[in-house]
Amino acid sequence: MPRVVSLFLPMWPTDRFRRKSGDAAPPPETPLVLVGRDGRRRVVLATDAAARAAGLRIGMPASKAQALVPGLVVHDAEPEADEVALERLALWALRRYAPIVAADPPDGIVIDTTGADHLHGGEAAMLTDIVERLGASGFAARAAVADSWGAAHALARFGTRATIVAPAGKTAKAILSLPIAALRLPAVTIDGLRRLGFETIADLAATPRASLALRFGPEPGRRLDQAFGRVSEPIEPIRPEEIVEVRRNFAEPIGAAETIARYTGKLVAELSASLETRGLGARRLDLLFFRVDNRIEAIRVGTATPVRDMKRLTRLLTDKIDTIDPGFGIELMRLAATAAEPLRAKQTISSLAEAPEPDVSDVLDILANRVGEDRLYRFAPVQSDVPERSVQRIAPMAPDTGEGWPGHWPRPSRLLPRPEPIETVALLPDHPPVTFTWRGVRRRVKRADGPERVFGEWWKRDAELAAVRDYFHVEDENGERYWVYRAGDGEDAATGSHKWFMHGIFG
């Protein structure tokens, strides 16, 4: 079943104007409108939240808006620039989230995320990530995912939350209580329906189609069918000119998995040749299947490093063919390198006795395309004396940061998610514990080494100005080794609570 995300930018294009203007933009609490011409009249085309709170509405004459709100900031609208910016935003979503993305003018984006949400932690996590990233860039956003474009569009604009996930198969129930304006009907049709007493989608869905079509034409019925997923609404994916892309049309539709795999290999060969002429390697490939019923199926794979190896790319794509539903047949296949980077030549070994450099990127690619690239990482050191701040997660194939961990004291390779309190018997100020109790088990210390004194980073927080930790490497009677610390120097109460904590376990 398809899953579609609708992204709604409620204050587009005023947010875009503020972002473009930067420091010169008026404060957010100042009412702002964008105006343009409607025939000979200058009317309001966009309002921000402050302007709407002041009673200004889209379509209002600009002169009336200025008279109603003293100090109103008025700027000319730029419809062409807004359209270009919306397409750039759609391109950002294409490169980050899913292979089928299109602009949904005048204030949204539509994304077919079928089979791609698991790469981002699931649908709820993906929507939250989209909204938060746009918010960090200065764009207010709302997002919803449902079984159809029409339902997702309605929930994003008329739902009660910033992110909404309509359960698969329950789209109709999710939208029935929404107003009829959520169906993307013309304003004249909506006004006519309201005069007849229709308020919600449920009211409209319960009415015989013949009477609706007789008075308002086929549009209300078509929009209802699109919202309920009874009629397909194809998304035409955005494709910028700079993307390297190849395609294959079929005189007779294909559907067998073996046939799809064979033509996938041919498309990869063509794409690799195009990439070679440009000196590029693919980092992300999108393979789109255009079915005869106007639906689009898609496969997305990524690589840890730029790749142009035909066998490797073909294997990544064909591993996912079983996720494709060919329906009544596929009439067009389109393969695009939506992310490509320069591919540098590697020096081969010059001696038979020289060991080849190990390359695990192929294995990483297989794992990343199954579980999501965000779930694969390695640890790298960070300059910090505080243990939990001295490590960061980076991509598996990211270059070495050049930093190193302190080597004068042994430290466990992995720490607990957070230090856990333990009960100890220890002689202050500098002696290790004689015994300690952790997670309900009492252990007697047989050997110990320390203390390693770690000071707080006073330049980050004032509370760390006097903070001290004394770490000990202890071993119990069973030979198990632990990394424990005492908060404070054992003498001055201002340096810490003098409580003991478990912070890590040695392998």
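The largest pocket has a volume of about 800 Å³. A pocket here is an open set of points on a 1 Å grid over the protein atoms alone, where a 1.4 Å probe fits, with protein on both sides within 12 Å along at least five of seven lines; the volume is the space filled by probe spheres set on those points. The model is predicted, so local features need pLDDT of at least 70 and side-chain atom pairs pLDDT 80 or more, while totals for chains, interfaces and linings use all residues. Residues are numbered from 1 along each chain, and side-chain values use heavy atoms, without hydrogens or water.

Which residues lie nearest the centre of this pocket? They are Pro2, Asp112, Thr114, Arg295 and Glu297, out of 41 lining residues, a lining residue having an atom within 4 Å of a point. The lining divides into 19 nonpolar, twelve polar and ten charged residues, with Gly counted as polar. Strand S11 gives the most, five residues; helix H7 (171-175) and helix H14 (361-371) each give two or more. Helices (H or I, at least four residues) and strands (E, at least two) are DSSP runs.

I turn now to the sheet. Three strands form an open sheet in the order S3-S2-S4, with mixed pairing; pairing requires at least two DSSP bridges. Its edge strands are S3 (41-47) and S4 (73-76). Strand S2 (residues 32-38) pairs with S4 in the parallel sense over four bridges, and leucine 32 stands opposite valine 73 in S4.
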